[in-house]
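Thanks, everyone. Please have a look at the model.

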Amino acid sequence: MHGRISQLFLINALTCGLEVCLAAGTIYIPPMLLEAGVEERFMTMVLAVGPVLGLIVVPLIGSASDSLRNKYGRRRPFIWVLCTGVLLGLLIIPQTSTLVTLLTKQQRHWLEVPLLVLAICLMEFCGQACFTPLEALVSDLFPGEEESRKAFSVYSLMLSLGGCIGYLLPAVDWTASDTVVYLGGQEAFIYVVLTIIFLACLMGTAFISEEQTGRERLVEPEVFRRHENLKSCCCPCVTFPRFLLLRRTFSSLLSVVPRLYSLCSRMPKVIARLFVAELCSWMALMSFMLFYTDFVGEGLYNGVPSDEPGSTGRIRYDEGVRMASLGLFLQCVTSVIFSVLMERLVLCIGVRKLYLSSVILLVVSTATMTVSHNIILVTIMAAATGYTFCTLQILPYTLTCLYHSNTQVFFSTEKRKIPLREEDVMLIRSGMPSLTKQKRTNGCISGYPGTTNPFQNNLKNSQSLDLHVSVTLEPQPSAVRGMGTDIAILDSAYLLSQVVPSLLMGSIVQLFQSVTAYMACASLLSLVAMYFSRKIVFEKADIDSR
């Protein structure tokens, strides 16, 4: 147990480092794009590129990590590759102008904006996609419902702590320091600090040892067992399995769309309901978080981000950005507090009431921010959304672990009618005890694999006989879903929640000529989220009643 706790600490250290980088990026990326001359509607579209890539790649990462067999583990190779992209982004973003000057020998060049956009998209995509193998690694170490809830409470705590650090760094005015002047300004200084923090957190993953849980051993793909037998009896080398792994990786890249369709079409109803509710909840929260700095800087402080540095409009905007950073920092503090209390709250209140109350609070908070221009009240409402943030980081993943802990209850909801065979009909009509006493295989009637017994004792006494019977299809061992796949689906909801607001918000703001539209859209989306949250399956009784 102590070993697993140390592993959890190392995993969450990287989680914290990732969130520090992404939180600071949330603060600085919109102002940096606007300062570079990107229009507001295109600025919001840039923020959508990373999540769009994530929607395509993240489900594949989850599925591939479920089946990968590597001496470094199943999850860590993906973590390291994605972290490399985050590091490249951290190094390029603050030095875009310097790199373009070195390449073109010109102070201002058209390459500056494309390079900045490319670096931002790389960091956002890799950073957000990296959470999927990290969450899967946590669920591997703590597979049960209760222990997974505790583990994801710690995960949410470290995530919120990372957000606190990431939002606090830009809230402080560092410009008076000689080090900041030497490095080229506050933004460059912050990104250097982020790089150091992220590298320190990343090094801890070298000491993580991935262990295979009982569930994973049970559903280990048959193809790998056959390959091991082939190695032991035919050839002493390991070239064939590695070649097969490379071939499978290449073929998966060629079949992105079919695999995505397959993952979505075979999604159990419980996962689908959770996905829709989480998508709407995250969309409401992201509409607030992604554009909160712009809302405060322009809407409440009347600043102008495109003005020259030192001008009145630019000074007001920078002050608004720092105040918005404080609000998001307080949001993370609230999330930290509720992460610590989450275990007790679940025992006292229950998962259903916690989830629904967090969405209701989001409705109230975003509605208040829409109509109020009081910066203190707006900051308090921003801090209150930390409760919703904490809930969305913990409860969906613990519910997923609950579903996987009893797949026959939560995933076996498909009913189908199948025709009776002629000999079975004759036996039933003659009153012979046939099917109810036949040999069974895995609890199923022989001759009807994968089905439960549809016949009861009173069937032969029935006045009329339906030659078709309803059966419930049980999940076959070969079709058991991997935890990484469903976690990737939930993470896709998080990514998609950023895509839609990012693509549409800029145009909506230009249409209404007011940044208050950000908060109004967040309020409307939170109302939709409240409706779909009532459809979530929180326990077995919810399946029986629907």
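Start at the surface. Phe-42, Met-45, Val-500, Leu-503 and Leu-504 make up a nonpolar patch there, and together they have about 390 Å² of accessible area. Two elements give two or more residues to this patch: helix H2, 40–67, and helix H20, 483–512. H20 gives the most, with 3 residues. Met-45 lies in helix H2. Met-45 counts as partly exposed because its relative accessibility is 31%. Keep in mind that this is a predicted model.

Now helix H16, residues 351–371. How far apart are its end C-alpha atoms? They are 31 Å apart. At 1.5 Å a residue, the 21 residues should span 30 Å, so the two values agree.

Which residues of H16 are buried? Among them are Val-351, Leu-354, Tyr-355, Ser-358, Val-359, Leu-362 and Val-363. Further along, Ser-365, Thr-366, Thr-368 and Met-369 are buried too. A reminder on spacing: an α-helix has 3.6 residues a turn, so residues three or four places apart point the same way. What covers the buried residues of H16? The cover includes helices H13 (269–289), H14 (292–300), H15 (312–348), H17 (375–405) and H21 (516–533).

Last, the rings. The structure holds 9 aromatic pairs. One of them joins Tyr-531 and Phe-532, edge-to-face, at 5.1 Å centre to centre with 80° between the planes. Tyr-531 has 45% relative accessibility, so this residue counts as partly exposed. Phe-532 is at 29%, and therefore also counts as partly exposed. Elsewhere, ring pairs link Trp-282, Phe-389 and Tyr-494 into a cluster.

Technical notes
Residues numbered from 1 in each chain as written. Predicted model: local features only at pLDDT ≥ 70, side-chain atom pairs only at ≥ 80, totals over all residues. Heavy atoms only, no water. Helix = DSSP H or I, 4+ residues; strand = E, 2+ residues; numbered from the N terminus. Expected span 1.5 Å × (residues − 1). Buried < 20%, exposed > 50% of the residue type's maximum accessible area, 1.4 Å probe, protein only. Contact = heavy atoms within 4.5 Å. Phe/Tyr/Trp six-rings, centres within 6.5 Å; stacked < 30°, edge-to-face > 60°. Patch = residues over 30% accessible without salt bridge, like charges linked within 9 Å, V, L, I, M, F, W, Y side chains within 5 Å. Areas by Shrake-Rupley, 256 points an atom, 1.4 Å probe, with all protein chains shown as cover. Salt bridge = Lys/Arg side-chain N within 4 Å of Asp/Glu carboxyl O.
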